[in-house]
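Me: I have a complex to go through with you. I want each label tested against its definition.

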Amino acid sequence: MSGGIRLLPALALLIGISAAAALLWTLIAPGLLAPEVSGYDAARMRLLHSTLPRLATALIAGFALSLAGALLQQVLRNPLASPTTLGVSAGAHLALAVAMLFFPVLLGLGRDVVALVGAGLAAALVMALGARRGFSPLTLVLSGLVIGLWSGALAAVLIYLNDRRMVSLFIWGAGSLATQSWEAPLALLWKTGLLALACGFLLRPLTLLELGDEEASALGLKLGRTRFLALALAVGLSALVTSAVGVIGFIGLVAPLLARLLGARRVPALLLSSGLIGALLLLTTDALLQIVAGMFSDLLPTGAVTAIFGSPLLLLLLSRLKIRREAFVRAPPAPPRRGDLRTGFALLCAALAVLLVLALFLGRETGGGWSFGAEMLSLRAPRVFSALAAGAMLAVSGLLLQRLTGNEMASPEVLGVSSGATLGLALGVFLLATPGFAAQLGFAGLGAFAVLAAILISTRRSALAPERVLLVGIALSALVDALVGLMAATGDPRALTILRWMSGSTYGAEASGAALLCGAAVVLILPALLARRWLDLLPLGPETASALGIPVRSARLRLFALAGALSATATLGLGPLSFVGLMAPHLARELGFSRAASQTAAAALTGAGLMVAADWIGRTVVFPWQIPAGLTAALLGAPFLILLLFRRGRT
Amino acid sequence: MVSEAVSSEAGAFRLEGVGLSVQGREILRGVGLSFPKGRMTALLGHNGSGKSSLLRIMARRAEATRGAVLWDGRAVGAFGERAFARQVAWLPQEMGAAPGMTLRELVACGRYPWHGPLGRFTEEDGRKVAAGIEAVGLGGFEERFVQTLSGGERQRAWIAMMLAQDARCLLLDEPTAALDVAHQVEVLSLLRGLSQEKGLTVVVVMHEVNMAARFCDLIHALKGGEVVASGPAAEIMTPETLRLIYDVEMNVTHPPGREAPIAYVV
Amino acid sequence: MSFDPSSLTRRALLAAAPAAGLLGLAPALAQGAPRVVSLDYGLSSTLLGLGAPPVGISELAGWSEWVVEPAMPPGVAELGISSEPNLEVLARLKPDLILATSWLDAQIPRLERFAPVLRLETFIWTGTPILEAAISATRAVAARIGREVEAEALLDRMEEVFAESRARLAGRARKSAALIHFWDSRHVRISADPSLFNDVLLRIGVRNAWPESTGPWGFQTLPVEELSRISDPEALLLVFEPVPKDVFRTLDRSPLWRALPIAQPGRIRPLPPVLLFGMVNEAMRFARLVTEAMEAEA
């Protein structure tokens with residue numbers, strides 16, 4: 001296997017190319033071979049002005065997105081990075097939602113302009129945050145993630161309150177390549193072409209970057225500038241594509257991984273082959289889709305379908321993927337100021353107590369005024385305590401995963417358990433149309449535990465490599481997003497049921513369920529506190545940990561299982577509230593709690609408080625309408641986290 | 001040239017016909033060596049001689065494909081995870097970053113084999129931690145973050161953790177590689193002192209033959225996965241043996257007033 | 001919508017007789033009108049049509065935009081989003097009856113703690129044509145609140161509207177139409193069978209130019225080029241308002257759209273918005289608006 005072209009991947013590539021050619025012919029032949037018709041010739045018109053420009057769009061978009069993905073993975077040194085990482089599509093999405101609801105006149109400028117402005121603003125914000133720490137990959141990934149989550153949540157709230165007019169946004173979000181003229185692909189071609197050519201100037205600097213920061217700057221490379229330029233190009237490429245056709249998320253992640261798998265090693269080969277593979281993938285998917293679309297009565301947006309095919313592909317390839325370990329072990333952030341822990345805990349507990357009182361007793365009147373009293377206690381208590389328990393559990397689950405994997409992007413969502421639950425629910429909604437509450441819970445539970453079991457079984461053979469588990473989760477959540485996106489884009493009202501569930505509402509909480517959740521939180525968080533020494537030692541690296549006598553494999557397995565159980569329980573209670581699981585551990589650390597035990601406790605308190613506050617605000621701020629707690633939590637938590645990041649950047 | 005077998009197996013490592021092959025490539029071939037209690041032994045050899053692999057096998061970080069590895073008269077595989085860590089401490093060549101940990105917290109990690117995941121952190125544990133920090137001369141740095149320490153301080157912090165582990169045997173993979181001469185001397189004297197005063201078995205993988213001869217009781221030299229020389233430092237320090245180990249013409253002098261001889265490249 | 005006695009027919013009078021008897025037997029209901037909460041636009045509008053305005057409805061804020069007519073009288077409480085009506089408001093309203101569609105099945109056990117829930121199938125295809133389902137749901141609601149007379153009057157009025165539309169369109173050459181709503185400049189929603197709109201078109205003698213039937217929701221989402229599958233040379237293209245600002249600006253630059261027969265000037269007509277998942281009131285509004293659009297000069 002050393003050197004030369006590897007046989008199996010080459011064969012796969014060959015089959016891919018021939019399949020693409022066959023599909024293309026099937027698609028083009030009818031319009032091409034049909035006899036000449038005088039007057040209006042529908043078949044030829046469609047071929048010339050719809051089918052062909054659409055295929056061209058697929059080629060260009062696939063190339064540009066995959067090139068952007070390869071650039072980002074290279075610069076951020078994170079194999080999970082993709083064009084969506086820096087908040088580009090989330091920013092565009094939010095801009096479109098705002099324009100549609102509040103400034104429909106702006107759409108007259110063209111949706112692509114609005115989307116481009118949104119994408120640019122989001123990316124600029126991420127870069128501004130990154131610039132404060134010399135464009136360090138960690139800061140960029142984290143701020144991209146947070147800004148993406150925040151704008152995603154804000155857009156979701158707007159959609160939630162106005163879902164009837166948002167179908168066009170869903171179509172955009174699912175990435176439809178449909179077009180009725182050559183205008184769009186031609187414009188895209190010259191814009192992305194210029195940016196792609198500019199990448200040529202970065203080949204050498206990017207190669208040097210491979211050596212590591214110190215070594216590269218020793219050779220005279222300006223690290224910050226190189227990173228900034230590469231990121232700007234990647235952002236530009238993906239923003240142009242996204243604004244033109246919508247979100248096509250998965251290609252940019254999978255194509256560079258595939259390119260590596262096929263043996264592309266050096267930077268120029270990697271960038272070029274990623275682009276070509278991406279173009280081929282998107283072209284094939286879209287050609288297939290255009291052929292198949294005739295059989296379905298509804299729209300099949302390419303972006304969503306790509307993800308539906310791409311995620312299983314990623315899962316299949318996972319065992320062959322060689323992920324450099326050091327890609328995940330990054331220089332840790334500068335240690336935070338460590339305050340007096342006892343005072344810190346006292347403050348957190350006091351804040352939680354105040355929040356609980358507010359959430360339980362302070363509410364709105366029908367007329368709009370405020371009232372303080374216990375009359376609605378029986379309606380509020382189940383919601384408040386469900387939020388509390390779920391917030392604490394997800395926070396601890398996220399903390400376990402971040403400590404286990406050493407990846408800042410890890411959260412319960414990334415474990416795939418919540419995606420499994422959502423898939424289960426989607427299946428239920430699809431089979432039963434209007435399933436009752438018990439049926440919804442049953443299907444979601446089935447999905448969550450199926451994924452959990454699959455992860456545990458599949459990782460028993462490999463040595464439970466954390467990065468594999470993360471990629472499984474990412475593939476699964478992409479699959480879920482795509483399926484829901486597909487349903488939503490056709491206007492299918494059932495998609496709203498799933499979207500609501502995904503936004504994590506406490507509406508369905510019952511007294512018995514809330515009690516059960518609180519009990520589960522105590523039972524499951526306790527072992528996490530007891531495992532504090534493992535959690536302190538495992539981040540020292542598997543070598544050191546096992547030299548000290550920790551059974552690394554079984555310890556990891558047990559902690560993963562615990563994280564899975566925590567996230568599954570919370571997800572079944574309130575839905576997949578991924579924000580809390582991601583943010584609470586970061587917030588706890590930024591507040592100065594850095595050791596496992598104190599960080600666990602602080603994260604649990606922070607997560608609980610965040611969810612209780614989110615639920616209360618969601619219930620009161622637009623009363624009598626209600627915003628799901630999961631979305632409010634992201635809207636509240638994200639700016640808070642950015643503020644803390646900023647503050648630390650200055651010192 | 002195999003050194004005399006030490007009669008007592010207590011607190012000693014004994015290797016019998018140890019072999020290791022990885023993907024058909026033989027890394028180690030029939031290595032038979034002893035590492036007696038209370039002695040400091042150097043593992044010498046040039047790059048790729050198999051010395052690090054041998055140390056990893058002794059530390060149970062890798063498994064020998066042939067032969068037996070005995071600690072205290074028992075096969076190393078027979079010990080439980082923590083039981084082994086109480087006996088044998090190991091310092092890998094590259095250490096984790098210890099994000100967000102203070103020096104004292106890092107050194108306290110060394111007590112894990114004793115208190116385990118749930119046991120109480122006792123006063124005894126606290127004393128061992130303080131002693132470990134004191135021994136490496138980092139007293140007063142307890143509350144500093146490990147990330148903020150200099151390279152030499154960090155190296156000593158990890159050795160302090162190893163000392164706090166309170167094991168009977170210390171295995172170190174090139175512990176002085178990142179240190180300046182003064183710190184090298186400091187660390188090696190520390191280890192030598194421990195082996196003499198506390199009767200610890202110390203095994204150090206090293207490059208530098210003069211440092212080895214100056215501080216170690218015994219030297220085992222490997223080449224191409226086989227033992228080429230083994231014995232008291234003084235016996236190894238001959239031009240013939242050194243040529244055998246390093247494939248370079250070397251000579252040895254005995255400066256007046258210095259116990260250990262000095263080797264130099266001709 | 002005020003009650004118009006002149007529209008009472010013999011059938012309505014016959015139906016009214018037993019209803020009056022029922023009212024006599026149930027003084028509690030007759031004294032004060034029952035406090036009804038409705039969690040669906042179609043059902044809310046039906047309550048107005050029956051002359052029994054609800055005390056609270058969900059999504060009141062969007063009423064004038066999506067339902068337009070009949071106007072919701074002042075004093076009705078807002079319950080927020082349909083799928084998660086605000087329980088604190090519901091508790092304060094102390095309703096006698098809650099109207100819900102099968103869409104809310106997951107919440108019905110919870111709602112039943114506040115008042116009995118009448119669950120109706122209105123817009124989901126369950127084998128009955130949507131218009132028929134709407135008619136029987138109207139009768140079911142009326143029976144529950146003692147408004148049978150008004151229900152029959154409402155249904156008669158609907159028949160009259162259909163008959164009038166049918167008569168007005170009978171003489172016209174173009175008697176088929178495709179109903180589209182532009183999501184954006186590249187995608188449309190097209191109404192098909194089974195849907196309320198399709199059923200109404202049949203009743204007023206207009207052919208749906210879109211040949212396919214769809215899933216349970218009565219519409220398809222398609223890329224614009226699929227409109228070239230409409231082969232009827234006489235069909236009109238009725239475009240629901242509002243059309244997003246960028247649509248025609250973009251489409252006018254597309255050779256495909258410019259050549260599309262059904263998109264030729266003279267064949268496109270705007271159509272004011274009508275609630276997609278409506279009931280009897282919406283069927284009448286739709287019939288009237290379609291008739292006006294088809295009669296309009298290009």
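Predicted model: local features only at pLDDT ≥ 70, side-chain atom pairs only at ≥ 80, totals over all residues.

Me: How many residue pairs are in polar contact between chain B and chain A?

Reply: Six residue pairs, both partners at pLDDT 80 or more. Helix H2 (81-87), strand E6 (88-91), helix H3 (103-109), helix H4 (112-115) and helix H6 (151-164) of chain B each supply at least two residues of the side that touches chain A. By class, that side of chain B has 18 nonpolar, 10 polar and six charged residues.

Me: What makes Arg595(A) and Glu105(B) a salt bridge?

Reply: The closest N and O atoms are 3.6 Å apart. The cut-off is 4 Å, between a side-chain nitrogen of Lys or Arg and a carboxyl oxygen of Asp or Glu. The pair therefore qualifies. Between chain B and chain A the count is three salt bridges.

Me: How many residues take part in that contact, and how much area do chain B and chain A bury?

Reply: Chain B gives 34 residues and chain A gives 22. Together the two chains bury about 2,300 Å², with 60% of it on carbon and sulfur atoms.

Me: Now chain A and chain C. How do you know that Glu183(A) and Arg253(C) form a salt bridge?

Reply: Their side chains meet at 2.6 Å, N to O. The limit is 4 Å, so the label holds. The count between chain A and chain C is seven salt bridges. Polar contacts there come to 18 residue pairs, both at pLDDT 80 or more.

Me: Which elements of chain A give two or more residues to the side that touches chain C?

Reply: Helix H2 (42-76), H6, helix H10 (223-245), helix H15 (377-405), helix H18 (437-461) and helix H20 (494-502). The largest share, five residues, comes from H2(A). By class, this side of chain A divides into 25 nonpolar, 21 polar and 17 charged residues. In total, 63 residues of chain A are in contact with 57 residues of chain C. The buried area is about 5,300 Å², of which carbon and sulfur atoms give 55%.

Me: Chain A is divided into domain 1 (69-322) and domain 2 (341-356 + 379-646). How many salt bridges and polar contacts lie between these domains?

Reply: One residue pair is in polar contact, both at pLDDT 80 or more. On the domain 1 side, helix H5 (137-161), helix H6 (167-173) and helix H13 (302-317) of chain A each give two or more residues. H5(A) has the largest share, 14 residues. The classes on this side are 33 nonpolar, four polar and four charged.

Me: How much area is buried between the two domains of chain A?

Reply: About 3,900 Å², with 83% from carbon and sulfur atoms. Leu80(A), Leu142(A) and Tyr160(A) lose the most area in domain 1, together 17% of what that side buries. Contacts join 41 residues of domain 1 to 40 residues of domain 2. The domain centres, taken over C-alpha atoms, are 26 Å apart.

Me: Back to chain B. Why are strand E1 and strand E4 called a pair?

Reply: Pairing needs at least two bridges. Strand E1 (residues 13-22) and strand E4 (residues 66-71) of chain B have five, so they pair, in the antiparallel sense. Gly19(B) stands opposite Arg66(B) in E4(B).

Me: Which strands are at the edges of the chain B sheet, and what makes them edge strands?

Reply: The open sheet of four strands runs in the order E2-E1-E4-E5, with antiparallel pairing. Strand E2 (25-35) and strand E5 (74-75) of chain B each pair on one side only, and these are the edge strands.

Note on methods. Residues numbered from 1 in each chain as written. Chains lettered and ligands numbered in written order. Heavy atoms only, no water. Contact = heavy atoms within 4.5 Å. Buried area = accessible area lost by both parts, 1.4 Å probe. Polar contact = N/O pair within 3.5 Å; in protein donor to acceptor, adjacent residues only side chain to side chain. Nonpolar A, V, L, I, M, F, W, Y, C, P; charged D, E, K, R; others polar. Domains from an automatic or database assignment.
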